[in-house]
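The stops below go one selection at a time.

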Amino acid sequence: MLNVGKIEEGFVLDHIEAGKSLTIYHLLQLDKLDCTVAIIKNARSNKKGKKDILKVECDINTLNIDVLGFIDHNITVNVIKDGKIVEKRDLSLPKEIKNVIKCRNPRCITSIEQELPHIFVLADEKKEIYRCKYCEEKCRKRDLFYQ
Amino acid sequence: MRHLMSPLDFTTDELTQLFDLAADIEKNPQKYAHKCDGKKLATCFYEPSTRTRLSFESAMINLGGQVIGFSDAGSSSASKGESVSDTIRVISCFADICAMRHPKEGAPMVAAAHSRIPVINAGDGGHQHPTQTLTDLLTIRSLKGRLDHFTIGLCGDLKFGRTVHSLIRALVRYEDIHFVFISPEELRVPDYITDMLKEMGISYEENTSLEDTIADLDLLYMTRVQKERFFNEEDYVRLKDFYILNKQKMELAKPDMLVLHPLPRVNEISVEVDDDPRAVYFKQVQYGVYVRMALILTLLDLA
């Protein structure tokens, strides 16, 4: 059994679908943060058989985890402060997602103007459909893992 | 300050005001001949669209204003790599209002976000062309006297035609509209449109024959069936005549049915129909100028 130590402040993202932790690592842009991150893949899970876990040691105000609501409702977000769980955050679909997914429409203005932020706006909460703010190209949660 | 990006930017009440103004412009053009004295319209056309550009320019000149601009990206600083946001910041120093046509979808929205002057989307790729929809609505209202309680047939390429999609989205806001979608199987109206109609409880039917449905229509909106949309030549040859409006089909239509078309027309409306008083597609162009005049006045707060 692999042991990963406690964190003092940050997030523990539990119940991530097995194999998806690296995708989430990139979507949260953890590669750009100078902090300690533990990626635990295929951990044993009573519920699912196996799961992934991400532990991120950082100031809890520096990381925007809203996007997780778009990726997977079932992820459990534990907020850690002084080595203890201070909050279990519920995930809901964010109204807007900025610079997480890229618009794939070749006719979109973002395809030629590199400095523009890629912004997707929640268009249909029931069907979990987001649309590009500029060209209204559709993006669903399930498309995300194939980008 | 207000911009126009989509035909849905205006509420139906605001559209009524806009169309009332356009109707007054039609009746009393002299009253508006100097409303924009000293004002300048910039037509920033990153791709050629002579008809839309001239309509905007004519509208501004009719109001006493002047026009500056460019008519393709090659003659603008975009060819040197300037961003849309930089261009509009510069144009804001030269003009009072801007009409922008761009091949990339969302470009006018980017411009509006950085502009000090009102921006009108004059067409962005296959996305929106709001002044065409306003033109269609004004034509219907002026010639039918209302925008509700009728059966409208939309015929031709209903899959890729952005004018059709915009018009449907604008018309669903009015009462008792029944849509008849007439197209080949390959060019049916997209699911998201029919899903929207179902969800809103708006009645519609789909048909492949213009001949079978024309008698029920109060309005017929024709679009072009383009050869390049078909997978093979055979299908195109088989279907193209099916969607050509000619004298024979017009005989089956109601005496007060109106025929609209966003133009340019190629061969989908036979020239023999042009003299039929129900063919209003050239009047539609004139209404396009009136609605753009009303829009310029409204966005410049001169109405």
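Start with chain A and select strand β5 (residues 84-89): of its six residues the number buried is zero, so the strand lies largely in the open. Buried here means 20 or more other C-beta atoms within 10 Å of the residue's own, exposed means 12 or fewer, and partly exposed is in between, with C-beta atoms placed from the backbone. Strands (E, at least two residues) and helices (H or I, at least four) are DSSP runs, numbered from the N terminus.

This is a predicted model, in which local features need pLDDT of at least 70 and side-chain atom pairs count only at pLDDT 80 or more, while totals for chains, interfaces and linings use all residues. Residues are numbered from 1 along each chain as its sequence is written, and chains are lettered from A and ligands numbered from 1 in the order in which they are written.

**Chain A: hairpins**

Five bridges join β4(A) to β5(A), and the two run antiparallel; strands count as paired if DSSP finds at least two bridges between them. Opposite Asn78(A) you will find Lys88(A) in β5(A). The hairpin has two residues between its strands, and Asp82(A) there takes a positive phi near 50 degrees.

Next select strands β2 (residues 36-45) and β3 (residues 49-57) of chain A, which are antiparallel and joined by eight bridges. This hairpin has three residues between β2(A) and β3(A). Pick Ile39(A) and look across to its bridge partner in β3(A), Leu54(A).

Go to Glu128(A), in the loop between β7 (119-124) and β8 (129-132) of chain A. Its phi is positive, about 55 degrees, although the residue is not a glycine. Glu128(A) has 16 other C-beta atoms within 10 Å and is partly exposed.

Then select Glu136(A), in the loop between β8 and β9 (138-140) of chain A. Glu136(A) is not a glycine either, and has a positive phi of about 70 degrees. It counts as partly exposed, with 17 C-beta neighbours inside 10 Å.

Now colour chain A by domain: domain 1 is 10-89 and domain 2 is 96-144. Domain bounds come from an automatic or database domain assignment. Taken over C-alpha atoms, the centres of domain 1 and domain 2 of chain A are 24 Å apart.

**Between the chains**

Show both chains. Their contact takes 11 residues from chain A and 11 residues from chain B, where two residues are in contact if their C-beta atoms, placed from the backbone, lie within 7 Å. The side of chain A that touches chain B has six nonpolar, two polar and three charged residues. Nonpolar covers Ala, Val, Leu, Ile, Met, Phe, Trp, Tyr, Cys and Pro; charged covers Asp, Glu, Lys and Arg; the others, Gly among them, are polar.

**Chain B: domains**

Colour chain B as domain 1 (7-128 + 288-299) and domain 2 (131-284). Their contact takes 18 residues from domain 1 of chain B and 15 residues from domain 2 of chain B. On the domain 1 side, the elements giving two or more residues are α1 (12-27), β4 and α11 of chain B.

Select helix α3 (residues 84-94) of chain B, whose buried residues are Val84(B), Thr87(B), Ile88(B) and Ile91(B). They cover an arc of only 95 degrees around the axis, the arc being that of the directions from the helix axis to the C-beta atoms, so they are on the same side of α3(B). The face turned away from that side carries the exposed residues Val90(B) and Cys93(B).

Move to α2(B), where the buried residues include Phe56(B) and Met60(B). The helix is followed by Gly64(B), whose phi is positive, near 90 degrees.

Which residues does His102(B) contact, leaving aside its neighbours within four places in sequence? They are Tyr46(B), Ala107(B), Pro108(B) and Asp124(B). His102(B) lies in strand β3 of chain B and counts as buried, with 25 C-beta neighbours inside 10 Å.

Finish at Pro264(B), in the loop between β9 (258-260) and α11 of chain B. A cis peptide bond joins Leu263(B) and Pro264(B), with omega about 5 degrees.
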